[in-house]
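Look through the model below before reading on.

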Amino acid sequence: AAFLVIFANLIRTQIFAGDYYRGLAGNNRIRKILIPAPRGIIFDRNGNELVSNVPTFSLDGQTISKDQAISLEADGKIVEINTKRSYLFEEIFAHVLNGVEQKYDEKLRGRDGAEIAEVDAVGKKLRVIETIAPIPGENLTLTLDKDLQKTAYEEIKNRTGAIIITNSQTGAILTLVSSPSFNPEKIADFLNDPKQPLFDRA
């Protein structure tokens, strides 16, 4: 008899727990929130950062400020957090970084994480059920020299052509500049430029 009581209680608990979680899912009360992985940073040969990751915040598709995001999160709103790539030297490294970003994308992008949260009927976060941490992308160190690259760009920026400087002993590329160049964060502004700045001459 005792066994039957325990068995019956176990069945009842499983049924109630199953119903509870099915009810949450059925009422759209379980939300998976993306946690983007930090993209790997690209450095020059001397450890100088050439790119950075800037966080961006949005709510219902509308971009908001960091302060607004913090305030809304405190009220239980679900704010989408992403990152925007910032190119610290703009035109100076544009072509070479464009190539590096594409060639090593798999290593740089990492793996996104997620937050599994319970929300109420209006989308307010009630509690976090589980957090899966993102895996950051790998950092890359190039053979390029930031200062030498800047000097080369200043020499050729008003002309059409390219400058490539290598280490005669190792063959390492120290400078790789193509001109005219473009701002990687505003590519759309250069699409119809007759000077074809998007074309890599190096």
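Over residues 2-8 the pLDDT stays under 50, and in this predicted model that stretch has zero contacts beyond four places in sequence. Where pLDDT is low, the predicted coordinates should not be read in detail. For the chain as a whole, the mean pLDDT is 89, and 86% of the residues reach 70 or more.

Next comes the chain as a whole. It contains five helices and ten strands. How much of the chain is buried? Of its 202 residues, 33% are buried. The accessible surface amounts to about 13,000 Å², and carbon and sulfur atoms account for 52% of that area. Contacts can also be sorted by how far apart the partners are in sequence. Taking those between residues at least 6 apart, 64% join residues at least 24 apart.

Now consider the aromatic rings. Two rings count as a pair if their centres lie within 6.5 Å, and by this rule there are two aromatic pairs. In one of them, the ring centres of Phe89 and Phe93 are 5.7 Å apart. Their planes meet at 55 degrees, so this pair is classed as tilted. Both Phe89 and Phe93 are buried.

Phe182 and Phe190 also form an aromatic pair, with 6.3 Å from centre to centre. The angle between the planes of Phe182 and Phe190 is 65 degrees, and the arrangement is edge-to-face; planes over 60 degrees apart are counted that way. Phe182 is buried, as is Phe190.

Notes
Residues are numbered from 1 along each chain as its sequence is written. This is a predicted model: local features need pLDDT of at least 70, side-chain atom pairs count only at pLDDT 80 or more; totals for chains, interfaces and linings use all residues. Side-chain values use heavy atoms; hydrogens and water are left out. Rings of Phe, Tyr and Trp (its six-membered ring) pair if their centres lie within 6.5 Å; planes under 30 degrees apart count as stacked, over 60 as edge-to-face and the rest as tilted. Buried means under 20% relative accessible area, exposed over 50%, partly exposed in between (1.4 Å probe, protein chains only). Helices (H or I, at least four residues) and strands (E, at least two) are DSSP runs, numbered from the N terminus. Contact means heavy atoms within 4.5 Å. Accessible areas come from the Shrake-Rupley method with a 1.4 Å probe; for residues, only the protein chains shown count as cover. pLDDT is the predictor's confidence in each residue, from 0 to 100.
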